[in-house]
Amino acid sequence: VNGRFVIEAVLGRGGMGVVYRARDLRKEETGDRNPFVAMKVLSDEFRRDPRMVVALQRESRKAQTLAHPNIATVYDFDRDGDIVYMTMEDLDGQPLSELIKANPLVLPKVEALSIVRGLALGLAYAHNKNIVLSDFKPDNEFFTASRQTRILDFGIARAAPMERSEASEQTRFDAGEIGALTPSYASCEMFEGREPHPADDVYALAIVAYQLLSGRHPFDSVPAPQARQQGL
């Protein structure tokens, strides 16, 4: 890709596209000990939608402003002909969703709380920058081989309303228009189409914390409006 990246493996598939492990030839030329990057490439169906290209560019730009040990580092956004992609650090480990599945009888409490703390610190940092992720879930969080947590995927991250201004790019593009949310982690307010708020992410964080400490979703994956209706 672009005469620079050699795709070597598929790391995962998400709502917007595929994430590959790629070798960065520039890093190799300079003798970098780890020449690999993760490359998120928009799928065919999405790259034909201009809004999705903008969403990936916004994800890249927002994530580049977030320098925090619990948030994955994003390098660049680019395209090579029809291929639209962003590059980020290559992480060794597994998504939090896989960790939860592999430990149905619950993780040790100390480890679970350490993971929750890392996620909370990363979210707090993003919220202080007025960025709400809007799709916080175990698939978008990573547990590294060195036992650290990283928040990934700012695909529909949205600026908190207090940051809006007539001149801002938020008035020209709202990632919420894409309509992407994960029902079992979305707050009632998100289903109601309300303005993004840090509380939306905190609701999802609470569900993830419950899963880590109990091995199951608090409402058996029932979406928030139905859970509220059922008095759960």
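Glu192 is partly exposed, with a relative accessible area of 42% (partly exposed lies between buried, under 20%, and exposed, over 50%, with a 1.4 Å probe and protein chains only). Its side chain meets that of Arg194 in a salt bridge, at 3.0 Å from N to O; the term stands for a side-chain nitrogen of Lys or Arg within 4 Å of a carboxyl oxygen of Asp or Glu. The model is a predicted one, in which local features need pLDDT of at least 70 and side-chain atom pairs count only at pLDDT 80 or more, whereas totals for chains, interfaces and linings use all residues. Residues are numbered from 1 along each chain as its sequence is written, and side-chain values use heavy atoms, with hydrogens and water left out.

A search of the whole structure finds 11 salt bridges. Side chains of opposite charge can pair when their charged atoms come close. Arg23 lies in strand 2 (residues 17–24) and Glu8 in strand 1 (residues 5–13), so the pair ties together parts that are 15 residues apart in sequence. Arg23 also forms a salt bridge with Glu28, here with the closest N and O atoms 3.2 Å apart. Glu8 is partly exposed at 43% relative accessible area, and Glu28 is partly exposed at 37%. Through shared partners, salt bridges join Glu8, Arg23 and Glu28 into one network.

Turning to the overall fold, the protein chain contains 8 helices and 10 strands; these are DSSP runs numbered from the N terminus, with helices being H or I of at least four residues and strands E of at least two. Five strands form an open antiparallel sheet in the order 1-2-3-5-4, where pairing requires at least two DSSP bridges between two strands. Strand 1 and strand 4 (74–80) are the edge strands, each pairing on one side only. Within the sheet, strand 3 (residues 36–42) and strand 5 (residues 83–89) pair in the antiparallel sense over 5 bridges, and Lys40 has Met86 as its bridge partner in strand 5.

Strand 8 (residues 141–144) is covered on both faces, with Glu141 and Phe143 buried on one side and Phe142 and Thr144 buried on the other. Strand 8 runs antiparallel to strand 6 (residues 93–95), joined by 3 bridges, and Thr144 is the bridge partner of Gly93. Another 3 bridges join strand 8 to strand 9 (residues 149–151), also antiparallel, and Phe143 stands opposite Thr149. The hairpin of strand 8 and strand 9 has 4 residues between the strands, and Arg147 takes a positive phi near 65° there.

What, then, of the interior? The largest nonpolar core has 24 residues, of which Leu96, Ile115, Leu119, Phe136, Ile151, Val208 and Leu212 touch the most other members; such a core is a set of buried Ala, Val, Leu, Ile, Met, Phe, Trp, Tyr and Cys residues joined through side-chain atoms within 4.5 Å. Helix 4 (96–102), helix 5 (109–128) and helix 7 (198–214) are the elements that give two or more residues to this core. Apart from it lies another core, of 6 residues, including Ala22, Val37, Val41 and Tyr85. Of the 232 residues of the protein chain, 46% count as buried.
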